[in-house]
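Biologist: Could we go through this structure together, one topic at a time?

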Amino acid sequence: MWWGGRGQSFNVTPQKEEPEMGLSGPKSVQGSGMPEPRSHQLGSCLASGCLPGEQILAWAPGVRKGLEPELLGTLICSNLRVTFQPCGWQRSEETPLSSEYDFSLANIGRLEAVNGLSRVQLLRPGSLLKFIPEEILIHGQDFRLLRVGFEAGGLEPQAFQVTMAIVQARAQNSQAQQYAGITLSKAGQSSGSRKPPIPLLETSEDWEIERKKQGARGWRVSTVNERFDVATSLPRYFWVPNRTLDSEVRRAFGHFHQGRGPRLSWHHPGGSDLLRCGGFYTASDPNKDDIRVVESMLQAGHSDVVLVDTMDELPSLADVQLAHLRLRALCLPDSSVAEDKWLSALDGTRWLDYIRSCLRKASDISVLVTSRVRSVVLQERGDRDFNGLLSSLVQLLSAPEARTLLGFQSLVQREWVAAGHPFLTRLGGTGASEEAPVFLLFLDCVWQLLQQSPAEFEFSEFFLLALHDSVRVPDTLTFLRDTPWERGKQSGQFNTYTQVYTAGYSQPPAGNSNPQLSVWDWDLRYSKEQILQFHNLGYDPEHCPDSWLPRQQPSFMVPGPPSSVWLFSRGALTPLNQLCPWRDSPSLLAVSSRWLPRPAISSESLADQEWGLPSHWGACPLPPGLLLPGYLGPQIRLWRRCYLRGRPEVQMGLSAPTISGLQAELAHLQELLRKWTPRISPEDHSKKRNPNTIISQSR
């Protein structure tokens, strides 16, 4: 993925050749300096190091270029991915599913064939190669670059064949239909003895354990969507207020876009609740009882309610997609932008501006949650993109446990995977026009926080890189489906009976005796040494959850104003007369003028208003555990280790994360210094360093 260490050994069973693709290679590769790939390495199923259902289509000896040192090996194309196998590099049986040199077909964003100094052909799916390539360049959508050169000496047909195999495999590839993830048994693991690293929130018991962990006493686990008959994009279980019946939940959710009604995302230990929901379905005609239930769920037992217009001041999906495309084009090794104009071109992508907008909005919402005991409701029309981004950032800013390695993985699983973020559509896996890498924008926001407050996070930049690269790896269903319903249907998880939660006991769903791998099964895809680098060496254990404010002491929270309803938009709180948009909705109590907030100034954040100036709200100290991010000017930086991976020369100065890595870098620099330093005798060297000698020579 993003560092060296492990390779892959392809040992496959014999199969008949593919004459239409011309996959039969020469009998020998003498003089190439490479071992000859054995003929029995072509087959329909790899005995070791291959994904289930994978077939090798073509291979060719080559040299990986662009990195020091260059590597001899073999470029292999299968029906699922393209892999470069260095000579003598064997994949460990403990990590059978991925390597640094794997490019899934869905991850290939651009393929180029090169012959000579000026002959370059851009190969799109279905293109016909017009010459025998001397090298090919594979640009990954994750910003990685694989550059492989082919040697002459009778191997030209193989170079042509493997290049055309990649072109045709990309044309035939449909990630959503061809690949269904890997089960534990296919990965050589016992499903009975192996538990997921984190709760996958596929059972009511998982949700109940998480509810108790958060201390959300006023909430319960609802089973109303267990059969996905309320909304297929929602999880089977979610949290609703204790006093709300499931029959009321079903009716209330029908008045929200796509049936995504208000649900608890996170309970703050001080007493506030963070909710999320879709937009009001204004065309519906609810009766008074339904309106009462909707208002009750939005209030969540609080007298102070704030509706947050999620998309206000945030980019649209089209904006995010365009910015990401511009960023990727700018970071290509052959970018035509001059060096002196590169930074202005980076500003022109708007990618950093969108990160700045997200962090500022998340910071303001964190202030809303932590400064008063209230209900804060994130409302987005679809409730599947920026609601998840803001909810996740708010928890990272407000809850130290979310900044731990396990806590962050649980956060992503709950707010993105289980909540129904359409990963496959947003990452271009369905061919729809709604592509927009919102989740990758979120990861960049997290990286910004990690750079600004490194001692607050247990996980490292390399963990974020691994997660960034995993969204296009076709070995788990975590990012290969758009909804929990699709994910569960593919894995055979669902059954026909209704599961009723009983405290302390919950049966696993029938038909799920052979569960799928999740993205969190890192030990099946990364070595132990690589997983160790997921941990941030600069993490301060004093920031661990045990040292945080106890949940039983919410004294730093200030009660909200009585029976008040607010709309938070454009950095300011505006009083509302009612929560719901329907005409027959009864108005709540009028808002007294003494509760009106200070008008927001464009250059002043909500944190400045809350804690920077005394007012009737009270000048509160900054709540324990709360981070306020910087988002002005140079405080937002380019994630170079991610976006500039295709340009090794730009990676200079990015130090390794471990002592052994630093030692290796130092040894490499010393070796280069020895190569570049003229060979002179110690006497000459001392004379050269002697100031008196220099003075005498200058006369």
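**Aromatic pairs and helices**

Biologist: How many aromatic pairs does a search of the whole structure find?
Modeller: The search finds 23 aromatic pairs. Rings of Phe, Tyr and Trp (its six-membered ring) pair if their centres lie within 6.5 Å; planes under 30 degrees apart count as stacked, over 60 as edge-to-face and the rest as tilted.

Biologist: What kind of pair do Phe 408 and Phe 442 form?
Modeller: Phe 408 and Phe 442 are stacked, at 6.1 Å centre to centre with 10° between the planes. Phe 408 belongs to helix α10 (residues 405–417) and Phe 442 to helix α12 (residues 438–452), so the pair ties together parts that are 34 residues apart in sequence. Helices (H or I, at least four residues) and strands (E, at least two) are DSSP runs, numbered from the N terminus.

Biologist: Are Phe 408 and Phe 442 buried or exposed?
Modeller: Phe 408 and Phe 442 are buried; the word means under 20% relative accessible area, with exposed over 50% and partly exposed in between (1.4 Å probe, protein chains only).

Biologist: And what about Phe 439 and Phe 442?
Modeller: Phe 439 and Phe 442 form a tilted pair, 6.0 Å centre to centre and 35° between the planes. Both lie in helix α12, 3 residues apart, which is about one turn of the helix.

Biologist: Before we go on, where does the model come from, and how are residues numbered?
Modeller: This is a predicted model, in which local features need pLDDT of at least 70 and side-chain atom pairs count only at pLDDT 80 or more, while totals for chains, interfaces and linings use all residues. Residues are numbered from 1 along each chain as its sequence is written, and side-chain values use heavy atoms, with hydrogens and water left out.

Biologist: What is the average pLDDT of the chain?
Modeller: The chain averages a pLDDT of 77, and 68% of the residues score at least 70. pLDDT is the predictor's confidence in each residue, from 0 to 100. Over residues 495–513 the pLDDT stays under 50, and the model has 38 contacts beyond four places in sequence for them. Contact means heavy atoms within 4.5 Å.

Biologist: New topic: which residues of α5 are buried?
Modeller: The buried residues of α5 are Asp 290, Ile 291, Val 293, Val 294, Glu 295, Met 297 and Leu 298. Their cover includes β12 (238–241), α4 (246–253) and β14 (273–277).

Biologist: What span should α5 have?
Modeller: Helix α5 (residues 288–299) has 12 residues, which should span 16 Å at 1.5 Å a residue, and its end C-alpha atoms are 16 Å apart, which agrees. The expected span is 1.5 Å times one less than the number of residues.

Biologist: What follows α5?
Modeller: Ala 300 follows α5, and its phi is positive, near 55°.

Biologist: Now, where does Ser 518 lie?
Modeller: Ser 518 lies in the loop between α14 (484–491) and α15 (528–532). Ser 518 is buried, with a relative accessible area of 4%. Leaving aside neighbours within four places in sequence, Ser 518 is in contact with Leu 200, Thr 476 and Thr 478.

Biologist: Finally, how many helices and strands does the chain have?
Modeller: The chain has 20 helices and 20 strands. Of its 699 residues, 55% count as buried.
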